[in-house]
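Take a look at the structure below. Then use this briefing to find your way around a few of its parts.

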Amino acid sequence: MKQIYLCEDTPEGIFTAVYDTWNCHLSREQFSICVENGHELELFAEYNRIQTSREKALKVVRTVKKQLGKKAYDMVFAALLSHEEDKADAIYDFLKLGFQTGPGVVQMHGQECVCRVFEIKRNVWNEAHFTKEFLRFCETGEKILLARISPKNQVLPLVAEHFSDRFPEENFVVLDEVHNMGLFHEKGRQWYLSGLHPDALNEIWVHRKSSEYEKLWKTFFRTISIRERENYRCQRTNCAIRYRDYMTEFG
């Protein structure tokens, strides 16, 4: 009977699953690793829940960095943040091949697992790039910059350094309503991520207030538009509709 190992949809959870299944003495066709959220149950399979262990996860991280190098680790970490259901299996196969071949595994695009991890990583980084471009801040009554996003992937860890470097002297919060997570930055201090209950997320968001700058930006956006040259198909290509929910100019 096929063994399916369920783990948390977090970097620590998946790394723990990799650690626990490494010596399970089963052929690759006899088991798979799946994240808990969104997995469709299979018939004729036995499910095993993986208990997340920070210690085990750190052991995997250290081994990957030491034996495969930073480039391979960065690929794996980005893939861990994906919404793709097969990411845990792809990462396991990638690491197994990597420990056999060394740091050069990142160039072995002819291998299915390497190609898949690269594809997942690219999708995550593309969304992180778009988030940096399309994220819009508003201001609260306490002079805190506040933004809200709804990404497919967990992009906050990838954009946090960008915004903290850009606004080191500002207090700001970025809320991820899909993954119930927040990025918090206090003036002059290190940023951090924290899980949030949906009610807490909404409670933070209600503190936003409209400003004259938002009205000016909307006016500017409308004024520079040339109606005869409007091309909505091209506009959707460069700025997908799903990014517009919290963009000031489309509000």
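Predicted model: local features only at pLDDT ≥ 70, side-chain atom pairs only at ≥ 80, totals over all residues.

Helix H2 spans residues 54–67, and Thr223 sits in helix H8.

- In general, strands of a sheet pair through backbone hydrogen bonds, and the pairing is either parallel or antiparallel.
- Strand E1 covers residues 2–7 and runs parallel to E2, with five bridges joining the two.
- Within this pair, Ile4 stands opposite Ser32 in E2.

- Helix H2 has 14 residues.
- From its first C-alpha to its last, H2 reaches 20 Å, close to the 20 Å expected at 1.5 Å a residue.
- Which residues of H2 are buried? They are Ala57, Val60, Val61 and Val64.
- These four residues lie on the same side of H2, because they cover an arc of only 100° around the axis.
- An α-helix has 3.6 residues a turn, so residues three or four places apart point the same way.
- The other side of H2 has exposed residues: Glu55, Arg62 and Lys66.
- What covers the buried residues of H2? The cover includes H1, helix H3 (70–80) and helix H4 (87–101).
- Just after H2 comes Gly69, which takes a positive phi of about 95°.

**Thr223 in helix H8**

- Helix H8 runs over residues 212–223, and Thr223 has its place there.
- Is Thr223 buried or exposed? Thr223 counts as exposed because its relative accessibility is 60%, and the cut-off for exposed is over 50%.
- A polar atom of the Thr223 side chain lies 2.6 Å from the backbone oxygen of Thr219.
- Thr223 and Arg54 are 169 residues apart in sequence.
- In space, the C-alpha atoms of Thr223 and Arg54 are 53 Å apart.

Terms used:
Residues numbered from 1 in each chain as written. Heavy atoms only, no water. Pairing = 2+ DSSP bridges. Buried < 20%, exposed > 50% of the residue type's maximum accessible area, 1.4 Å probe, protein only. Polar contact = N/O pair within 3.5 Å; in protein donor to acceptor, adjacent residues only side chain to side chain. Expected span 1.5 Å × (residues − 1). Arc of directions from axis to C-beta. Contact = heavy atoms within 4.5 Å.
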